[in-house]
Amino acid sequence: MKRLWRWLIPLAAVPVLALLAYGFRVSPRDIPSPLVGRPAPGFALATLEGAPLDLAVHGGKVVVVNFWASWCYPACYEEAPVLERNWRGYRERGVVVVGVDIQDKREAALKFVGDFGLTFPVAQDLKGTVSVDYGVYGVPETFFVDRRGQIRLKHVGAVTDEVFKATVDRLLAEPASP
Amino acid sequence: MSRVALGIVTMLALIGSEAWPSAAQTRPAVNEDVVHDVAAQLRCVVCQNLSVADSPSEMASQMRAIIRERLAAGESPAEVQRYFVDRYGEWILLSPPRRGFNLLVWLLPLAAVLVGLAVAAALVWRWTHRRRSVPAAPVVVDAAMSERIRRELEGES
């Protein structure tokens with residue numbers, strides 16, 4: 001009986017330690033999106049200049065939907081040049097970058113676009129409906145949509161050249177129709 | 001005089017009945033309590049441990065507006081909740097649904113309490129039984145000591 005107890009108490013700690021080990025290795029910020037593998041929610045917004053921006057127009061292309069805000073420093077400031085550079089590099093190959101500015105003031109957003117010389121279309125999600133449709137919980141978040149309109153990757157945090165190129169190249173290599 | 005008063009009362013009643021349906025038309029028939037109930041079960045996505053109902057953030061107020069709109073469009077509170085779960089996953093719910101793996105959250109504390117009670121009971125049993133099996137040694141009082149005790153007790157009174 002005594003010997004059993006001597007083993008049982010340390011053994012009881014094993015599942016607790018395993019749970020802690022699992023918990024500490026999982027980042028609470030990395031929340032798996034249920035949208036990956038599902039069709040990208042459509043939206044029709046207006047760009048900062050007032051032109052209509054409808055996602056449906058870009059069907060058949062690889063679409064990169066980037067949620068950002070001018071107050072999101074430094075991550076959005078880090079990725080803005082990356083997005084612009086890759087948009088210029090890939091736009092002739094059937095890739096569209098779409099910026100969605102959320103929880104922002106129009107003037108601040110225009111200044112941001114001007115400062116970074118962004119040339120890809122940027123729309124403002126004034127009511128937050130598009131953000132919620134995409135399950136956005138922070139900025140920046142970037143969704144890579146394949147040519148069949150399926151969300152294939154959700155990237156949380158600043159997009160890097162490596163992530164952009166690797167993902168877009170992979171999606172471009174796929175056939176447009178199943 | 002009473003005729004005038006009756007006229008005024010009738011007029012007011014007419015204005016009242018007239019005003020009521022127009023007010024109901026301009027405002028969507030959404031019970032704010034229902035909006036609050038739905039919002040209270042959703043996690044505010046930009047805060048730490050706050051519900052959409054409690055958060056003053058812009059994102060939460062936009063989410064409350066979306067809840068209100070969907071309820072006004074005739075969706076049930078459960079459907080509105082499913083809309084958010086579809087997009088954010090179960091993570092958005094402040095209390096996870098009681099099924100599958102999530103049941104651990106409810107069952108583990110109960111199991112821990114039961115195990116704790118069992119351990120406490122076992123320990124108490126062991127302590128009480130050890131005392132009974134090893135009786136304290138009898139106190140030996142010799143004649144001189146009992147004499148002294150008697151004296152001291154008498155001296156006190």
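A word on the model: it is predicted, local features need pLDDT of at least 70, side-chain atom pairs count only at pLDDT 80 or more, and totals for chains, interfaces and linings use all residues. Residues are numbered from 1 along each chain as its sequence is written, while chains are lettered from A and ligands numbered from 1 in the order in which they are written.

Let's start where the chains meet. Chain B brings 13 residues to the contact and chain A brings 14; two residues are in contact if their C-beta atoms, placed from the backbone, lie within 7 Å. On the chain B side, α3 (58-72) and α4 (77-88) each give two or more residues. Helices here are DSSP runs of H or I with at least four residues, strands are runs of E with at least two, and both are numbered from the N terminus. The largest share of that side, six residues, is from α3(B).

So what does α3(B) look like? Its 15 residues reach 21 Å from first C-alpha to last, close to the 21 Å expected at 1.5 Å a residue; the expected span is 1.5 Å times one less than the number of residues. Among its buried residues are Met59(B), Ile66(B) and Leu71(B). Buried means that 20 or more other C-beta atoms, placed from the backbone, lie within 10 Å of a residue's own; 12 or fewer makes it exposed, and in between it is partly exposed. The cover over α3(B) includes α4 (129-133) of chain A, along with α2 (32-40) and α4 of chain B.

Now over to chain A. Why is strand β6 (residues 141-145) of chain A largely enclosed by the rest of the structure? Because five of its five residues are buried. Glu141(A), Phe143(A) and Val145(A) lie on one side, with Thr142(A) and Phe144(A) on the other. β6(A) runs antiparallel to β3 (residues 62-68) of chain A, with five bridges, and pairs in the antiparallel sense with β7 (residues 151-156) of chain A, also over five bridges. Strands pair if DSSP finds at least two bridges between them. Val145(A) is the bridge partner of Val63(A) and stands opposite Ile151(A) in β7(A).

Finally, the backbone. Most residues other than glycine have a negative phi, and most peptide bonds are trans. Yet the bond from Tyr73(A) to Pro74(A) is cis, with omega near 5 degrees, and a cis bond also joins Val139(A) and Pro140(A). Gln103(A) has a positive phi, near 45 degrees.
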